[in-house]
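This report describes selected contacts within one protein chain. Please keep the sequence and the structure in view while reading.

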Amino acid sequence: MSGTKDFSTTRRDLLQAAAAAGAGAALFGSMGINPALAAEVGRSEKPLKAAFSNAGLQATWCAQGKQAAEFWGKLFNVEVTWFDGQLDAVKQRAAIDNMASQKWDFVAIQAFGIGTLTQPVQKMIDAGTPVIDMDTLIAPLDQINVHSFLAPDNEFMGASVTQALCNAMGGKGKIIMTQGALGHTGAQGRAKGFNTVVKQFPNIEVLDTQPADWDVSKTARLWETYLTKYPQIDAAFFHNDDMALAAANIMKARNRTNILIGGVDAMPPAIQAVSEGRMFATVRNPSCRIHGGAIIAGVSAVVGGEKSGQGIPKNVVTDGPVVTKANAAGMQWMQDHFLI
């Protein structure tokens, strides 16, 4: 019986390793990395300990990222400990200081704001811990030696949704941009994309560009003011879907549902809103690809000895598409399985 048990255990382990390697190859391939690299990354024989933090779990994008990290962590035998940023730079700094006081096989962080976490992150890097930067810069890449930076092209995302809105407006009218946190490099890129496109339309007036810091309550207050102040608003671009949908509720309550709404992230509620016509467009910021990719990057560094800038590029672009009614169902399926 012992021989049968050993064989069964070995076979199960091999199947788990093959599944993990195959999943890694699929995810790496989707990020534009040679799947052959991922084939060398198998499920770790011993449990690895990883620490993760993103801007704040109040944001649905961040909450989905946590689920994706834990899903991919189970595949690769990684125990994920979470340090919530709470959408507050001071609170996230305290959490990362705590993280830096402990020992981890690797860590992955999305900073609430650039430059706010440099000191504790540098402490972990100096200790030899691979640090994967997610979605927004912890610090400029020439100033901090992170293992890799996994992020979408935020300027592309801002520009693509803004272009769709401007086209739908017929190149004329009034638009508002509601920004995320101004210190967030992703928000900075989205604003740059917005401004680049709007400048091409001299007959489109930008009424306001105040930040709401990813906060749906602050967004609602801003839009109560806007709807009172501006009798004509033709379109609105929001730096994430949570803010877009919060404002949409205010618009509905004030009977201003003629405003074209564009967002970023393509989270499930926004995909549904696009399908139903309550939102005009959104673009996928691939939370699952970024957080799952961070798991694989960490495992490949620890188990496979992959080197920063050699086995994995310093900057991995993780773009997702603009979401329309035509591709909404497929995008939802991909998210359900933590693939994008």
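Predicted model: local features only at pLDDT ≥ 70, side-chain atom pairs only at ≥ 80, totals over all residues.

D242 itself belongs to helix α9, which spans residues 241–253.

Is D242 buried or exposed, and which side chain of opposite charge is nearest to D242? D242 is buried yet forms no salt bridge, and the nearest side chain of opposite charge, that of R284, is 9.7 Å away.

## Aromatic pairs

Nine aromatic pairs are found in a search of the whole structure. One of them joins F52 and W82, which are stacked, with 5.5 Å from centre to centre and 25° between the planes. This pair links distant parts of the chain, since F52 is in strand β1 (residues 48–53) and W82 is in strand β2 (residues 78–82), 30 residues apart. F52 is buried, with a relative accessible area of 0%, and W82 is also buried, with a value of 15%.

The rings of F71 and F338 form another pair: their centres are 4.9 Å apart and their planes meet at 35°, so the pair is tilted. F71 lies in helix α3 (residues 60–75) and F338 in the segment after α12 (328–336), so this pair ties together parts that are 267 residues apart in sequence. F71 is partly exposed at 35% relative accessibility, whereas F338 is buried at 16%. Ring pairs also link F71, W72, F76 and F338 into a cluster.

## Nonpolar cores

The largest nonpolar core contains 60 residues, and those with the most contacts inside this core are F52, W223 and I295. The residues that F52 touches include A69, V80, W82, M99, F106, M134, H291 and I295, not counting residues up to four places away in sequence. A second, separate core has 19 residues, among them W104, I109, A111 and M124.

## The buried side of helix α12

Which residues of α12 are buried? They are A328, M331, Q332 and Q335. These residues cover an arc of only 100° around the axis, which puts them on the same side of α12.

The buried residues of α12 are covered by elements that include α3, α10 (268–276), α11 (287–302) and β12 (322–323). Just after α12, F338 takes a positive phi of about 55°.

## Salt bridges

How many salt bridges does a search of the whole structure find? The search finds nine. In one of them, K46 pairs with D105, and the closest N and O atoms are 4.0 Å apart. K46 lies in the loop between α2 (35–39) and β1, and D105 in the loop between α4 (89–100) and β3 (106–109), so the pair ties together parts that are 59 residues apart in sequence. K46 is partly exposed at 48% relative accessibility, and D105 is partly exposed at 23%.

K49 forms a salt bridge with E79, with 3.2 Å between the closest N and O atoms. This pair links strand β1, which holds K49, to strand β2, which holds E79, across 30 residues. K49 is partly exposed at 40%, as is E79 at 42%.

E155 and K192 form a further salt bridge, in which the closest N and O atoms are 3.9 Å apart. E155 lies in helix α6 (residues 154–168) and K192 in helix α7 (residues 185–198), so parts that are 37 residues apart in sequence are tied together. E155 is partly exposed at 31% relative accessible area, whereas K192 is exposed at 51%.

Technical notes:
Residues numbered from 1 in each chain as written. Heavy atoms only, no water. Helix = DSSP H or I, 4+ residues; strand = E, 2+ residues; numbered from the N terminus. Buried < 20%, exposed > 50% of the residue type's maximum accessible area, 1.4 Å probe, protein only. Lys, Arg positive; Asp, Glu negative; His and termini not counted. Phe/Tyr/Trp six-rings, centres within 6.5 Å; stacked < 30°, edge-to-face > 60°. Core = buried A, V, L, I, M, F, W, Y, C linked by side-chain atoms within 4.5 Å. Contact = heavy atoms within 4.5 Å. Arc of directions from axis to C-beta.
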